[in-house]
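Reader: Hi! Could you walk me through this one, starting with how the strands are paired?
Author: Happy to, let's look at it together.
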Amino acid sequence: MASQSSDVLRVLVVSDDPLVREAARFGFPEGVEVSFAQDARGVRAVRGSEPSVVVVDMRTGNAGGYALAKDIAESSPRVPVLILLERNQDRWLAQTAGAASHCTKPLRPGELVRQVMALAQVRS
């Protein structure tokens, strides 16, 4: 899941929450490619997009975002994962899942963008 080109930032957002999807759809600056998946099956469908950063909603899909974030962290350790939590007290879940960072909902679009861009900088 490594980025094909260092010039293009590709963000994969895995969430079935319409508010998260809207924040990501309209929050990123021009030139950032954002793709969406609703669950792990969707991630498999967009694997060819090779994201630079993956945003995973903790409450996504049947297995949940924790399992998905853990799978991504283990199978693609160079791709940073930002996990979206329901409450700040669960930040330990993000750490044990191997996430590089976390945000707590309700999601502020500016915070999401800031954290994703920071993760992309660390990765390059």
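Author: A word on terms first: two strands pair if DSSP finds at least two bridges between them, and strands (E, at least two residues) and helices (H or I, at least four residues) are DSSP runs, numbered from the N terminus. This is a predicted model, where local features need pLDDT of at least 70, side-chain atom pairs count only at pLDDT 80 or more, and totals for chains, interfaces and linings use all residues. Residues are numbered from 1 along each chain as its sequence is written, and side-chain values use heavy atoms, with hydrogens and water left out.

Reader: Good. Which residue in β4 does Val54 stand opposite?
Author: Val54 faces Val81 there. Strands β3 (residues 53-57) and β4 (residues 81-85) run parallel and are joined by four bridges.

Reader: And what is the strand order of the open sheet?
Author: The order is β2-β1-β3-β4-β5, five strands with parallel pairing. β2 (32-37) and β5 are at the edges with a single partner strand each, so one side of each has no neighbour in the sheet. On average, neighbouring strands are turned by 20° against each other, direction ignored. Angles here run from 0 to 180 degrees between N-to-C directions, with axes fitted to C-alpha atoms, for helices over the stretch in contact.

Reader: Which strands does α1 lie across?
Author: α1 lies across β1, β2, β3 and β4, and runs at about 160° to β2. Contact means heavy atoms within 4.5 Å. α3 also packs on the sheet, where α3 touches β1, β3 and β4, and its direction makes about 160° with that of β3.

Reader: What about the length of α3, residues 64-75?
Author: The expected span is 1.5 Å times one less than the number of residues. For the twelve residues of α3 that should be 16 Å, and the end C-alpha atoms are 17 Å apart, which agrees.

Reader: Which α3 residues are buried?
Author: Those are Gly64, Gly65, Leu68, Ala69 and Ile72. Buried means under 20% relative accessible area, exposed over 50%, and partly exposed in between (1.4 Å probe, protein chains only).

Reader: Switching to charges: how many salt bridges are there?
Author: The count comes to seven, taking a salt bridge as a side-chain nitrogen of Lys or Arg within 4 Å of a carboxyl oxygen of Asp or Glu. One of them pairs Asp17 with Lys105, with the closest N and O atoms 3.2 Å apart.

Reader: Is Arg108 buried or exposed, and what does its side chain meet in a salt bridge?
Author: Arg108 is exposed, at 55% relative accessible area. Its side chain meets that of Glu111 in a salt bridge (3.6 Å, N to O), and Glu111 counts as buried at 19%. As for networks, salt bridges that share partners join Asp17, Asp57, Glu86 and Lys105 into one.

Reader: Which side chain does Glu111 make a polar contact with?
Author: With the side chain of Arg114, at 2.8 Å. A polar contact is a pair of N or O atoms within 3.5 Å; within protein, one must be able to donate a hydrogen and the other to accept it, and residues adjacent in sequence count only if both atoms are side-chain atoms.
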